[in-house]
Every structure is written in C-alpha cells, then in structure tokens.
Amino acid sequence: MSNQSNVFGRAYEYICIETLNVEINKYRKSVIEKSSTYEIAKECWDFIDQETKDIFKQSALAATISIFDLEPMITEIGEDCLVLKMQKDEEGEIGDVRDIIIIRNAEKWEIGLSIKHNHFAVKHSRLGAKLDFGERWYGIKCSDDYWNDIAPIFEFINSKKEQGLKWSDLENKDIDVYVPLLNAFMNEIKRNADKHSDLPKKLVEYLLGEFDFYKVISIDNKKITQIQTYNLRGTLNKPSKKETPKTIIPIAKLPTRIVNIDFKPESKNTIELYMNEGWQFSFRIHNASTYVENSLKFDIQIVGMPASIISIDCKWN
C-alpha cells in the first residue's frame, strides 16, 4: 500500500458500509452487494492497524445513527431486502460523487453517501492543453479566446516536460504557469456567465454531482463525524409509511448569478468564486506529480454554503 490517505479513505468507506449493514439488520434484512470496489476497500481495512480501526468504527457508528434519524425509509420494517453497494471511482468522474448507495428496489427508492476521511475536498478536476473544461463542467465548449490564452502556457510546460524537469526545478512557476492559467480560466467563466444565465446552476451541479447525497466526513482529531445534507433536488429525507424524519432537511436553492471570481488575497495559486444563495468555492491549482506534465489539478473546496444545507456534528461515544 503506497498512498496512506487513499488507504485510509477506502478503509473508512469499508467500515461505513459494514456498520450500516450490521445496524440495518437490527430492523430489517440488508445485504452488501460485493464488487471489486468493495474488495479493494476490504483489503485497505485489513491493512490498517487496530487503533485506527477502532477510531473508524466509532466514527462510522456515529454517522449511521444520525442517518437513520434522517432517513426512516432505511429502517422501515418490510419484506423487501435493502441493498448496500459501493460505487466505482469512475462514477465520480461522470457526475456521481456518491461512494455508498442505499437501495430499496421494491420501493424504487435510494439515497447516497459521499464518504470523506479528514478532508473536505469537493473535486479534483484538471486543466490541460486539450481538456475542454467548459463542455465538461457546464455544457458550453471553451472559446477560441480561452484556447489562445492557454496555448503559450502549455507550450512552456511542454518544453520543460521534454527536458525531464521536475516542477520544483521551475523557479517562477507561479508567474509562468499558475497565474496566467487561472486568469484564462476565470475570464472564460466570466465570458460565458454573461451569456448563459444557467451557468452558475450548472457549475454547482457539476461540482456536487448529479444526485442528492449526504456527505459523511470523519474528523478524527475532534472525535466528530460531520454529516452535510446536499438536498438540491428534494430526493433526500423522505418519510416512510409510518414515520417522518426526526430532522427535516430543506431543499437548497441553486445559484442564479456569479457575484465575484478573483484571486484569493496574497495568493498566486488559488481563486475564490462567490455566487448568490450563499455558494462559495475555492480553486487551488497545483502540480499533482513530481515531474512536469501537461495538465494541472484543482483542489476544489466548498467554503460557503446556503443555510439550507445543514451540517450535523455527530459526537462519538
């Protein structure tokens, strides 16, 4: 196992689905749909030490109890078998950020959980010489102006790549790469936002995925599991035949306009996007590899949310 954060993340997904299964079976029949994704997560779980396992178990149990309060359809007694499954990573790349799906086929009902361990990142999208972020993110192809703006940046990057250089060898990569690339990115968004009123909405839908979900974040040092409710389409928090949810989750409004997009103060690699309805994101661009390559990765964080997106802190026992 190489990347510790990746191992921990997958191990945490494993214990979350296992804990859900154990606890649901106290009320009704539930099974885990086995897959290669599940088996990889189990391998990661088997790899980690017992102390970390004990921490993860506490975190997963705290989340499970709160999710039951939000979703009475999970624990409703019935003859049908509830199914739990893990999603492949590829699903996230095509717009589904949910890691675990909870399904009742007989009721044509499902909800999803996005599982995070000690981090709050939304997406890790890339910008590249031929990557059309506009078409992929909000359905509008990037303009000639954008391609013309980024062409010299990637010519510079490719020349350094051909020399076999590391990113650390570039003394002025902030000025030569990050700043001009982020300016081209921002200018393209501004151009299209002026022409297409639905761009802010589509941008948030891209960043958060095409399905409503609960984000489950284990914050180990605080002994808290935080649940964030992304009920953008009203599919979460449904009552069962006999019970209503103990906590009511409102439907969050999507933005209709961009208020501002600009560099974070005193930063050359991070921009901040402010939209109405309380939506705020930060985009930090960085090289995701040691050696120079012809694309760069974003670390996209949500730094401001509408009041209708509720965060629930579940304390561990």
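**Ground rules.** I number residues from 1 along each chain as its sequence is written, and my side-chain values use heavy atoms, with hydrogens and water left out. Because the model is predicted, local features need pLDDT of at least 70 and side-chain atom pairs count only at pLDDT 80 or more, while totals for chains, interfaces and linings use all residues.

**Helix α1.** I started with α1, residues 4-24; helices here are DSSP runs of H or I with at least four residues, and strands are runs of E with at least two, numbered from the N terminus. I found 17 of its 21 residues buried, meaning under 20% relative accessible area with a 1.4 Å probe, protein chains only.

**α1 against α3.** Next I looked up α3, residues 50-70: its axis comes within 8 Å of the α1 axis, and the two cross at roughly 50°. Axes are lines fitted to C-alpha atoms over the stretch in contact, and angles run from 0 to 180 degrees between N-to-C directions. The contact (heavy atoms within 4.5 Å) includes Phe8, Tyr12 and Ile15 of α1 and Phe56, Leu61 and Phe68 of α3.

**Two loop residues.** Which residue in the loop between β3 (100-104) and β4 (109-117) did I check? I checked Lys108, whose phi is near 50°, a positive value in a residue other than glycine. Lys108 has 78% relative accessibility, so I noted it as exposed, the class for over 50%. Glu277 sits in the loop between β10 (270-275) and β11 (280-286), and its phi, near 65°, is also positive. Glu277 is partly exposed at 36%, between the 20% and 50% limits.
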